[in-house]
Amino acid sequence: MAKFRKIGVLTSGGDAPGMNAAVRAVVRSALARGVEVVGIYKGYTGLISGELKTITSADVANITGLGGTILYSDRCPEFATEEGMAKAIQTCKDNEIDGIVAIGGDGTFRGATDLSMHGIPTIGIPGTIDNDITSTDYSIGFDTAMNTVLHAADCLRDTCESHARCEVIEVMGRDAGYIALECGISCGATAVAIKELPFDEDACIEKLKELRAKGQRSFIVMHSEGMPKGFGEALTERINIEADIDTRFIRLAHMVRGGAPTLRDRLIATQMGDFAVDLILEGKSDLVVCQRDDKLVATDIAWALVVDRMYKNKLKDGDLDKFTAEQIEAMKVRCAQKKAVLEDMMDVAKTLAKN
Ligand code: ADP
């Protein structure tokens, strides 16, 4: 196995609080093993354009508490082209980069697997507030984002209580409803709507009417951005008219992506960063770091990407061809586990909002 002298680290796709702690961990963990680290700026964009800088231990001091990413992030369609990949590989050669740790979401992992195929050992770390990487129980940024949503919902609750209003809150998560569901439960929402599970809008209106008749002053209805376009605004209108409750709509959007990371995000990011360096220095490649049942494990990126598509009902022709029956069975089990988590939480949300 070739000796690793220098590795690169980048953050890519949607930013997530905790990415900085992961960068720090990669840098310090590599330096502790005598391996130099270069920061690649703006994700794959910087790998193509050669925006690199050697990162010292001092460079990553006091960054665990910072939101965003000190390496910046970007979306880089050029990276998915042959020409873009050729430039990226050339940058690695010119700068003697022996391997890369890529922190981001599923798009970032698609890029990471391409890099691996082109001979650059690459390890992915899940960094996305959406927690929508099916192969891992947890992705960096999720906890911070949820706490930010919870704070916003608590603030809205105060004013709703004073004015006897309802607030319909849309939260990020792309197609995934984890943020909406966990925050909905935690802020005592009357109803939660997510793309993955059925939502009975009429029953929601009826419940709001019933609770108002019993004297309840304030209401929160939370939904994920995966619901059809205009869902929150239309529901707000219906509640105003049909339930006769003064109702406002708010989209929390990108504010949920910022802010100081929570302890959980700093800790898991640090552990994942250190683990990724272990993997790369062991000569592993094309893997994503996952947390399962409180343990860190490494999963083939190809498996991670396909199980994601299976979970989202987006399997493409031939997707399963390169996997064994055992691997496909493991995907099905994983999808069932993830769905069960959501269903259990939705049951709790509904039960608690009943009376
Ligand atoms: P995330 O990593 O948060 O899912 P994106 O989907 O925007 O964010 O992906 C981040 C970047 O990963 C893209 O801008 C692109 O550079 C790279 N990428 C995405 N899909 C592919 C692909 N199919 N092949 C190569 N690179 C890709």
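Tutor: Contact here means heavy atoms within 4.5 Å. The model is a predicted one. Start with helix H7.

Helix H7 covers residues 201-213. From first C-alpha to last, the 13 residues of H7 reach 19 Å, close to the 18 Å expected at 1.5 Å a residue. Which residues of H7 are buried? They are Cys204, Ile205, Lys207, Leu208 and Leu211. Viewed down the axis of H7, these buried residues fall within an arc of 160 degrees, so they line one face of the helix. The general rule is simple: an α-helix has 3.6 residues a turn, so residues three or four places apart point the same way. The cover over the buried residues of H7 includes strand E7 (191-193) and strand E8 (219-224). Helix H8 (231-243) is also part of that cover.

Now set helix H3 beside it. H3 runs over residues 82-94 and has 13 residues. Its reach is 18 Å from first C-alpha to last, close to the 18 Å expected at 1.5 Å a residue. In H3, the buried residues are Gly84, Met85, Ala88, Ile89, Thr91 and Cys92. Down the axis of H3, they fall within an arc of 155 degrees, so they line one face of the helix. On the other side of H3, Glu82, Glu83, Lys93 and Asp94 are exposed. Among the elements that cover the buried residues of H3 are helix H2 (44-49) and helix H4 (106-117). Strands E3 (52-54) and E4 (99-104) are included as well. After H3 comes Glu96, with a positive phi near 50 degrees.

Next, a helix pair. H1 (residues 19-32) packs against H9 (residues 263-281) at an angle of about 35 degrees. The axes of H1 and H9 are 7 Å apart. The crossing of H1 past H9 is right-handed. H1 brings Ala21, Ala22, Ala25, Val26, Ser29 and Ala30 to the contact. H9 brings Arg266, Ala269, Thr270, Gly273, Asp274 and Val277. By type, the contact residues of H1 with H9 are 7 nonpolar, 3 polar and 2 charged.

Finally, two loop residues. Asn131 lies in the loop between strand E5 (122-126) and helix H5 (142-163). Phi of Asn131 is positive, near 55 degrees. Asn131 is buried, at 3% relative accessible area. Asp294 sits in the loop between strands E10 (287-292) and E11 (295-300). Phi of Asp294 is positive too, near 70 degrees. Asp294 is exposed, at 70% relative accessibility.

Conventions:
Residues numbered from 1 in each chain as written. Predicted model: local features only at pLDDT ≥ 70, side-chain atom pairs only at ≥ 80, totals over all residues. Heavy atoms only, no water. Axes fitted to C-alpha atoms, helices over the stretch in contact; angles between N-to-C directions. Helix = DSSP H or I, 4+ residues; strand = E, 2+ residues; numbered from the N terminus. Left-handed = near helix turned anticlockwise from the far one by under 90°. Nonpolar A, V, L, I, M, F, W, Y, C, P; charged D, E, K, R; others polar. Expected span 1.5 Å × (residues − 1). Buried < 20%, exposed > 50% of the residue type's maximum accessible area, 1.4 Å probe, protein only. Arc of directions from axis to C-beta.
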